[in-house]
Amino acid sequence: MSLVSELIKRDLRLKYRRSFLGYLWSLLNPLLMMTVMVVVFSYMFRFDIENYALYLICGQTMFNFFNESTSKAMFAIIDNGMLIKKIYIPKYIFPISRVLSCFVTTSFSLMAIVIVMLVTRVRFHVSILIFWIPLIYLLVFSCGVGMILSALSVKFRDVTHLYGVLMMVLMYATPIFYPISAVPAKVAWFIGKNPLHIFINLFRELVLYGTVPPLRTWIIGAGIAAAMFALGAWVFSKMQDDFIYYI
């Protein structure tokens, strides 16, 4: 655990190196991005969503964490190749520490959600007390995806180029800035199976709407997260012995 802690600290120092505002950017970035997107989608495309600013920043915060954490985890083995060659370290630590470091910065970004709630005078519901559960689901899910990407990218560097395109597709296939009711029924069915949509919707239900989803929804979310983590660990374990030949 001490090694994981040191790796997380190193990632955070590198991210905010030579930055005057430092960790404050974790708060400012989502607020600035939300402001731009609210103007674009509220006034130009006119999505009629109550408390749209909060709707948007909830989805944006969750998606940005997944995007950033998995993108960084993808390079975890490649970036630490020299260290892996010199000493024995459980290799799975590297992608997981990247995801955890992004989770730390996301925890700062959650303050932006609180600020938006205060500014827009949205009611704080009791359900907000369990907002962290969907975040944990997404964290576990992201660790699984991160392990798969970090393993594949060592041998197949094309993965690092394709993933950016995939994330752009996924962004539009996830109701972040638009309501799922705005798409045709067949497309809405497909989007409803998107794991990110499930996690984001859980988070919005608790924070924005003040409702606690039924137990079945929680079980599905937990099952998806656990299954992806297990798959990621299996793929990583199958490929890790060959890393030394490609890094």
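**Figure 1. Glu-68 and Lys-72 form a salt bridge, with the closest N and O atoms 3.2 Å apart.** A salt bridge here is a side-chain nitrogen of Lys or Arg within 4 Å of a carboxyl oxygen of Asp or Glu. The model is predicted: local features need pLDDT of at least 70, side-chain atom pairs count only at pLDDT 80 or more, and totals for chains, interfaces and linings use all residues. Side-chain values use heavy atoms, leaving out hydrogens and water, and residues are numbered from 1 along each chain as its sequence is written. Glu-68 and Lys-72 are four residues apart in helix H3 (residues 52–74), so about one helical turn separates them. Helices (H or I, at least four residues) and strands (E, at least two) are DSSP runs, numbered from the N terminus. Glu-68 is partly exposed at 23% relative accessibility. Lys-72 is partly exposed too, at 27%. Buried means under 20% relative accessible area, exposed over 50%, and partly exposed in between (1.4 Å probe, protein chains only).

**Figure 2. Arg-98 and Asp-79 meet in a salt bridge through their side chains.** The N to O distance is 3.3 Å. Arg-98 belongs to helix H6 (residues 93–119) and Asp-79 to helix H4 (residues 76–79), so the pair ties together parts 19 residues apart in sequence. Arg-98 counts as buried, at 10% relative accessibility. The structure holds two salt bridges.

**Figure 3. The chain carries 11 helices and zero strands.** Along the sequence, the pattern reads α-α-α-α-α-α-α-α-α-α-α. The chain has 247 residues, and buried residues make up 47% of them.

**Figure 4. The rings of Phe-236 and Phe-243 pair edge-to-face.** Rings of Phe, Tyr and Trp (its six-membered ring) pair if their centres lie within 6.5 Å; planes under 30 degrees apart count as stacked, over 60 as edge-to-face and the rest as tilted. By this rule there are nine aromatic pairs. In the pair shown, the ring centres are 5.3 Å apart and the planes stand at 75°, so the geometry is edge-to-face. Phe-236 is buried, with a relative accessible area of 3%. Phe-243 is buried as well, at 2%.

**Figure 5. Ring pairs link five side chains into a cluster: Phe-66, Tyr-137, Phe-141, Phe-199 and Trp-218.** Each link is a ring pair.

**Figure 6. The charged end of Arg-204 sits over the ring of Tyr-55.** The distance to the ring centre is 3.6 Å. A charge sits over a ring if NZ of Lys or CZ of Arg is within 6 Å of the ring centre and within 35 degrees of the ring normal.

**Figure 7. Ile-244, Tyr-245 and Tyr-246 form a nonpolar surface patch.** Together they have about 350 Å² of accessible area. Accessible areas come from the Shrake-Rupley method with a 1.4 Å probe; for residues, only the protein chains shown count as cover. Patches are made of residues with over 30% relative accessible area and no salt bridge; like charges are joined within 9 Å, and nonpolar side chains (Val, Leu, Ile, Met, Phe, Trp, Tyr) within 5 Å. Ile-244 is found in the segment after helix H11 (215–239). Ile-244 is partly exposed, with a relative accessible area of 41%.

**Figure 8. Ala-226 and Gly-144 lie 8.4 Å apart in space, C-alpha to C-alpha.** In sequence, 82 residues separate them. Ala-226 lies in helix H11. Its relative accessible area is 45%, so Ala-226 is partly exposed.

Figure 9. Asn-51 is found in the loop between helix H2 (25–44) and H3. Asn-51 counts as partly exposed, at 30% relative accessibility. Arg-121 lies in the loop between H6 and helix H7 (132–155). Arg-121 is exposed, with a relative accessible area of 78%.

**Figure 10. Cys-102 is buried at 1% relative accessibility, and Cys-143 is buried at 6%.** The structure holds zero disulfides. A disulfide is counted as a pair of cysteine sulfur atoms within 2.5 Å.
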